[in-house]
Amino acid sequence: MNDMVSVIITCYNKEKYISKCIDSVISQNYKNLEIIIIDDGSKDSSAKIIEKYKNSYKNIKIIIKENEGVSKTRNLGIKLANGNKIIFIDGDDYVTKEYIEELMKYKNNDLVICGYNQFSEKSVLENKPLKQEVYINKQIVDILLNKKYMIYTAVPYLKLFSLDIIKNNNISFNEEMNYGEDIAFVFDYLMYTNTLKIVDKCLYCNRIVEGTLSRKYVKNMDNQLYEVYLKGKKLYNNKLNSTLNYLYMRNLKLILLNETNLGYKKYKEKAKEILNTNYFKEQKKLKKRLKDKLLYILLRLRMFFITYKIIKNV
């Protein structure tokens with residue numbers, strides 16, 4: 001019999017989209033599924049919509065709970081899962097009917113990743129991986145921390161994980177983080193990943209809801225992204241290289257962009273604080289992309305207003 005796949009669907013105020021998400025999983029070509037749908041205290045009619053599926057499908061489990069955040073919700077899904085493999089789907093996204101079937105063709109690998117279509121009401125952007133190959137050991141980290149693949153690495157969806165690897169190594173989403181928890185989870189998983197298969201097909205559909213991309217200030221973002229950086233270093237046994245520099249500079253720009261929400265004065269204070277960290281200092285001799293090199297030099301020269309203008313227009 002085919003291996004069972006646990007599908008974790010998390011939902012919070014997705015009444016417009018949750019039915020399409022669930023229906024796309026029910027209609028999968030691959031049938032040996034355990035579908036766990038968790039509503040995280042929605043204030044709209046999402047829970048009522050989900051409840052309608054309760055008695056129609058034997059392989060669907062429904063949990064309606066108080067709002068606790070997406071990390072705690074996904075961790076509950078992991079705890080309840082009984083499959084050999086596990087997949088995460090956000091409640092406003094959906095998947096093609098071939099999604100799980102295609103990923104399960106390569107189930108002997110510790111991790112399988114595919115491409116995805118990112119869409120809104122106005123446009124569709126196809127994100128297809130460059131190569132369909134199997135990677136092993138150190139190659140995995142080199143490819144997934146590469147700039148061209150970071151968009152696939154930084155999210156828990158569009159991936160087929162081994163539930164045994166997750167449970168045997170106590171891997172979970174950090175419930176104390178409200179930014180960067182997804183990539184932190186993936187990095188923790190990569191510590192135990194010996195084989196990676198990349199599928200060059202767009203099988204996952206990621207919805208961009210208008211109005212949700214507005215920039216809001218995230219408290220303590222810097223410490224959370226430093227934690228992500230340290231996890232990246234751990235993957236390289238704490239040996240610095242240009243790939244880690246890309247990860248650091250990516251996080252640095254996100255931290256600085258976050259501070260622009262508070263105005264120039266607070267931005268300048270945070271920039272000065274960053275200059276004194278070892279994380280910043282250890283990047284000095286590492287090879288950088290041209291734009292990153294320029295930003296790094298301007299910060300070292302304490303040209304904060306220029307960097308403020310650059311970052312604010314990113």
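Modeller: This is a predicted model. In it, β2 pairs with strand β3 (residues 60-65) in the parallel sense, over 6 bridges.

Biologist: What stands opposite D40 in β3?

Modeller: K65 in β3 stands opposite D40.

Biologist: Through which helix does the chain cross from β2 to β3?

Modeller: Through helix α2 (residues 46-51), and the β-α-β crossover from β2 to β3 is right-handed.

Biologist: And β1 with β2, how many bridges join them?

Modeller: Strand β1 (residues 5-11) runs parallel to β2 and is joined to β2 by 7 bridges. T10, for instance, has I38 in β2 as its bridge partner. The path from β1 to β2 goes through helix α1 (residues 18-26), again as a β-α-β crossover, and this crossover is right-handed.

Biologist: How many residues of β2 are buried?

Modeller: 8 of the 8 residues of β2 (residues 33-40) are buried, so the strand is largely enclosed by the rest of the structure.

Biologist: Which ones point which way?

Modeller: L33, I35, I37 and D39 point one way from β2, while E34, I36, I38 and D40 point the other way.

Biologist: Which salt-bridge network does D40 belong to? Start with the total count, please.

Modeller: The count comes to 19 salt bridges. Take R289 and D292 as one of them: their closest N and O atoms are 3.4 Å apart. R289 is partly exposed at 36% relative accessibility, whereas D292 is buried at 2%. As for D40, salt bridges that share partners join D40, K65, E68 and K72 into one network.

Biologist: What about K270, which residue does it bridge to?

Modeller: K270 forms a salt bridge with D222, with 2.7 Å between the closest N and O atoms. This pair links distant parts of the chain, since K270 sits in helix α11 (residues 264-275) and D222 in helix α9 (residues 221-235), 48 residues apart.

Biologist: Are those two buried or exposed?

Modeller: K270 is buried, with a relative accessible area of 12%. D222 is buried as well, at 7% relative accessibility.

Biologist: And K138 with D142, how far apart are they in helix α5?

Modeller: D142 and K138 are 4 residues apart in helix α5 (residues 138-144), which means about one helical turn separates them. Their side chains meet in a salt bridge of 2.8 Å, N to O. K138 counts as exposed at 55% relative accessibility, and D142 as partly exposed at 28%.

Biologist: Change of topic. Which residues touch the most others in the largest nonpolar core?

Modeller: I9, Y99, L158 and L299, out of the 97 residues in that core. Helix α10 (residues 242-259) gives the largest share of this core, 9 residues.

Biologist: What is L158 in contact with, sequence neighbours aside?

Modeller: Leaving aside neighbours within four places in sequence, L158 is in contact with Y99, V112, I113, C114, Y116, Y152 and Y204. Y99 is also among the residues that touch the most other core members.

Note on methods. Residues are numbered from 1 along each chain as its sequence is written. This is a predicted model: local features need pLDDT of at least 70, side-chain atom pairs count only at pLDDT 80 or more; totals for chains, interfaces and linings use all residues. Side-chain values use heavy atoms; hydrogens and water are left out. A salt bridge is a side-chain nitrogen of Lys or Arg within 4 Å of a carboxyl oxygen of Asp or Glu. Helices (H or I, at least four residues) and strands (E, at least two) are DSSP runs, numbered from the N terminus. Buried means under 20% relative accessible area, exposed over 50%, partly exposed in between (1.4 Å probe, protein chains only). Two strands pair if DSSP finds at least two bridges between them. A crossover is right-handed if, with the strands pointing away from the viewer, the path from the first strand over the helix to the second runs clockwise. A nonpolar core is a set of buried Ala, Val, Leu, Ile, Met, Phe, Trp, Tyr and Cys residues joined through side-chain atoms within 4.5 Å. Contact means heavy atoms within 4.5 Å.
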